[in-house]
Amino acid sequence: MTDASSELPVLLALTRGMKGARWVLDRPDFVIGRGAECDLTVADRQVSRRHARIRRARDGFVLEDLGSKNGTHLNGALLAQPTTLQDGDVLQIALALELVFVGTEATMPLAVSGEAGGGVARLQMDAQGHRVWVGEREVDPPLSPPQYRLLELLYEQRGGVVSREQVVAAVWPGAAGEGVSEQAIDALVRRLRDRLAQADPGREHVLTVRGHGFRLADDT
């Protein structure tokens with residue numbers, strides 16, 4: 001039996017640091033804004049308390065700006081009137097959040113496509129729930145906060161190498177002056193490798209680049 005939610009449209013975050021997060025449009029009005037009462041809360045001063053909404057209509061899902069101060073953009077153009085969304089449309093909430101509208105969850109990619117080289121990565125991250133999938137399997141139990149922050153850093157810099165200094169700044173913010181030992185960094189990387197291998201046996205997703213740092217494998 002098919003889950004009814006799999007036939008509903010979703011919003012997929014494209015903004016750095018939130019890539020992979022998604023929201024199912026499972027209600028008549030889906031409100032985006034800074035207010036805690038919104039269905040998608042964006043904690044950024046550029047965003048109005050009730051910034052925009054997606055309304056379910058007879059002919060689809062309609063995006064509407066709610067009189068926001070900094071505007072809502074659709075595919076790069078300022079939204080001037082309510083507009084029916086099409087599969088693949090890109091929404092911008094002020095300059096704080098970029099989302100893509102995917103017509104049904106069944107057609108949604110398992111991960112955000114890489115900016116360079118095309119294709120779809122094996123890794124998917126849910127920034128809201130700190131959940132991670134590799135291939136089609138979820139990493140369970142969830143990663144620890146340090147493991148998740150390290151993976152998020154590697155994912156944001158995929159295609160490039162992350163230095164040990166960058167790892168310290170991302171995983172242990174504020175601790176750079178006190179010093180974090182290389183052994184602590186190596187132990188964290190080793191634990192993350194082990195956790196990803198449990199969900200995706202036979203693959204090594206986090207690679208060590210001697211003398212430089214770490215990077216995600218090309219097929220991650």
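Student: How many salt bridges does the count come to here?
Tutor: In this predicted model, the count comes to ten salt bridges.

Student: Which residues are linked in a network of salt bridges?
Tutor: The network of salt bridges links D29, R53, R55 and E64. Within it, the side chains of E64 and R55 meet in a salt bridge, at 3.9 Å from N to O.

Student: And is E64 buried or exposed?
Tutor: E64 counts as buried, because its relative accessibility is 18% and the cut-off for buried is under 20%. R55, on the other hand, is partly exposed, with a relative accessible area of 27%.

Student: What about R49, which residue does R49 form a salt bridge with?
Tutor: R49 forms a salt bridge with E37, and the closest N and O atoms of that pair are 3.5 Å apart. The pair links distant parts of the chain, twelve residues apart, with R49 in the loop between β4 and β5 and E37 in the loop between β3 and β4. E37 counts as partly exposed, at 47% relative accessibility.

Student: Switching to the helices, at what angle do α1 and α2 pack?
Tutor: Helix α1, residues 145–156, and helix α2, residues 164–171, pack at an angle of about 130°, their axes being 9 Å apart. The two helices are therefore oblique to each other, and their crossing is right-handed.

Student: Which residues meet there?
Tutor: From α1, P146, R149, L150 and L153 meet Q166, V167, A170 and V171 of α2. The residues of this contact divide into six nonpolar, one polar and one charged.

Methods: Residues are numbered from 1 along each chain as its sequence is written. This is a predicted model: local features need pLDDT of at least 70, side-chain atom pairs count only at pLDDT 80 or more; totals for chains, interfaces and linings use all residues. Side-chain values use heavy atoms; hydrogens and water are left out. Axes are lines fitted to C-alpha atoms, for helices over the stretch in contact, and angles run from 0 to 180 degrees between N-to-C directions. Helices (H or I, at least four residues) and strands (E, at least two) are DSSP runs, numbered from the N terminus. Angles under 35 degrees count as roughly parallel, over 145 as roughly antiparallel, 65 to 115 as roughly perpendicular and the rest as oblique. A crossing is left-handed if the near helix is turned anticlockwise from the far one by less than a right angle, and right-handed if clockwise. Contact means heavy atoms within 4.5 Å. Ala, Val, Leu, Ile, Met, Phe, Trp, Tyr, Cys and Pro count as nonpolar, Asp, Glu, Lys and Arg as charged, and the others, Gly among them, as polar. A salt bridge is a side-chain nitrogen of Lys or Arg within 4 Å of a carboxyl oxygen of Asp or Glu. Buried means under 20% relative accessible area, exposed over 50%, partly exposed in between (1.4 Å probe, protein chains only).
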